[in-house]
Amino acid sequence: MIKIAIQKSGRLYDDSVELLRKCGLNIDNVKGQLKARIKNYDAEVFFLRNSDIPKYLEDGVVDLAIIGENVVKEKQADVTSLIGLGFSNCRLSIATPKGIEYSGIKSLEGKKIATSYPNTLNMYLDLNNVSADLHIISGSVEIAPNIGLADAICDLVSSGSTLFKNGLVEQDIILESEAVIAANSRSMSQKSEVIDDILFRIKAVLKAKDNRYILFNIPDDKIETVSTILPVLKSPTVLPLIEKGWSSMHTVINQKDFWNVISKIKKEGAQGILVLPIENMIL
Ligand code: PRT
């Protein structure tokens with residue numbers, strides 16, 4: 001059996017449950033439970049605090065975990081991040097009060113910095129030969145400069161609105177982070193087959209999320225031109241319509257190219273363009 005940890009509540013919870021469900025691991029009635037047996041897969045899901053997960057993973061209590069990469073780095077756990085999952089994106093940044101002169105991390109030599117990420121911050125300071133006085137606090141780091149506790153902070157930022165509300169300016173980004181699926185080395189060698197299967201499913205779900213299935217009608221004499229516009233997986237499928245001189249083209253495109261492609265094929269005479277989400281993409 002494979003044991004998978006996810007955050008029990010918080011920013012990672014909803015996306016983690018959704019991802020596992022899309023991978024075909026049906027988690028039922030999870031709220032409030034500490035662990036749940038997956039009925040349609042030989043797996044158990046553990047609901048843990050994000051900050052505790054690296055230790056459970058390192059100790060082999062669980063084999064896999066969905067966790068913020070920032071926490072993996074901060075806890076310096078002996079675990080491997082396998083795939084970035086594209087949610088809970090944030091950055092660990094240095095911020096200083098508005099109006100304070102800042103010309104790089106050396107400006108913080110001898111200053112007080114409040115943070116919940118002492119290990120990551122210390123590594124960054126060491127790398128830059130800066131010696132500072134760290135105040136380790138576990139929450140509401142952003143208010144530290146306002147109450148005279150610190151000259152600067154080092155905390156997670158996503159939209160930047162918390163910094164703004166507290167009169168702080170983001171200076172150096174010291175780490176970019178997203179949710180990852182991580183494993184310990186023992187499980188990777190002892191349960192490689194099942195871990196590979198789960199990674200295969202996750203990759204298919206992530207790939208599908210980035211792509212759209214499009215189909216449209218096109219005059220036959222435009223098929224070649226339109227084929228050169230489509231950034232397709234292989235080549236598009238072309239099916240004849242009952243109406244003479246017209247065909248239906250089907251293909252998959254990355255959503256980043258989406259509007260560009262649609263505008264171009266419309267100009268070439270594409271009609272009845274349908275765009276569909278993709279559940280999974282097995283390549
Ligand atoms: O309690 P537990 O140990 O389970 O978890 P936690 O306290 O780490 O939980 P949670 O749910 O707050 O965060 C879980 C993970 O989400 C983090 O470890 C990050 O990987 C990720 N994440 C993404 C964030 C943010 N974005 C984020 N903005 N974690 C925290 N924040 C906080 C930040 O600390 C700051 O206070 O949000 C505030 C800033 O947000 P903006 O949008 O105003 O910039």
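1. Let's start with Trp 259, which counts as exposed because its relative accessibility is 64%, and the cut-off for that word is over 50%. Keep in mind as you look around that this is a predicted model.

2. Now look at Phe 258. Is Phe 258 buried or exposed? Its relative accessibility is 12%, so Phe 258 counts as buried; the word applies under 20%.

3. These two residues also meet through their rings. The structure holds one aromatic pair. Its partners are Phe 258 and Trp 259, with ring centres 4.9 Å apart and planes at 75 degrees, so the pair is edge-to-face. If you wonder about the two numbers, a pair of aromatic rings is described by the distance of the centres and the angle of the planes. For the name edge-to-face, the angle has to be over 60 degrees.

4. On to the ligand. Which residues come nearest to the ligand? There are 21 residues around it, and the nearest are Ser 51, Asn 70, Ser 159, Gly 160 and Thr 162. As for where the ligand sits, the space it takes is the largest pocket.

5. Helix H3 (69-75), strand E9 (152-157) and helix H5 (161-165) are the elements that give two or more residues to the shell. Of the elements, E9 gives the most, with three residues.

6. With Asp 155 it is a polar side-chain atom, 3.4 Å from a ligand oxygen. Ser 161 also has a polar side-chain atom by a ligand oxygen, at 3.3 Å. As for cover, the ligand on its own has 830 Å² of accessible area, and the protein covers 79% of that.

7. What does the side chain of Arg 91 join in a polar contact of 2.7 Å? The partner is the side chain of Glu 170. A polar atom of the Arg 91 side chain also lies 3.1 Å from the backbone oxygen of Ser 158.

8. Last stop: Met 281, in the segment after strand E15 (271-277). With a relative accessible area of 9%, Met 281 is buried. Check Ala 204 too: Met 281 and Ala 204 are 77 residues apart along the chain, yet 4.7 Å separates their C-alpha atoms.

Technical notes: Residues numbered from 1 in each chain as written. Predicted model: local features only at pLDDT ≥ 70, side-chain atom pairs only at ≥ 80, totals over all residues. Heavy atoms only, no water. Phe/Tyr/Trp six-rings, centres within 6.5 Å; stacked < 30°, edge-to-face > 60°. Buried < 20%, exposed > 50% of the residue type's maximum accessible area, 1.4 Å probe, protein only. Near = heavy atom within 4 Å. Polar contact = N/O pair within 3.5 Å; in protein donor to acceptor, adjacent residues only side chain to side chain. Areas by Shrake-Rupley, 256 points an atom, 1.4 Å probe, with all protein chains shown as cover. 1 Å grid on protein atoms, 1.4 Å probe; cavity = no way out; pocket = protein on both sides within 12 Å on 5 of 7 lines; lining within 4 Å. Sits in = over half its atoms within 2 Å of the grid points. Helix = DSSP H or I, 4+ residues; strand = E, 2+ residues; numbered from the N terminus.
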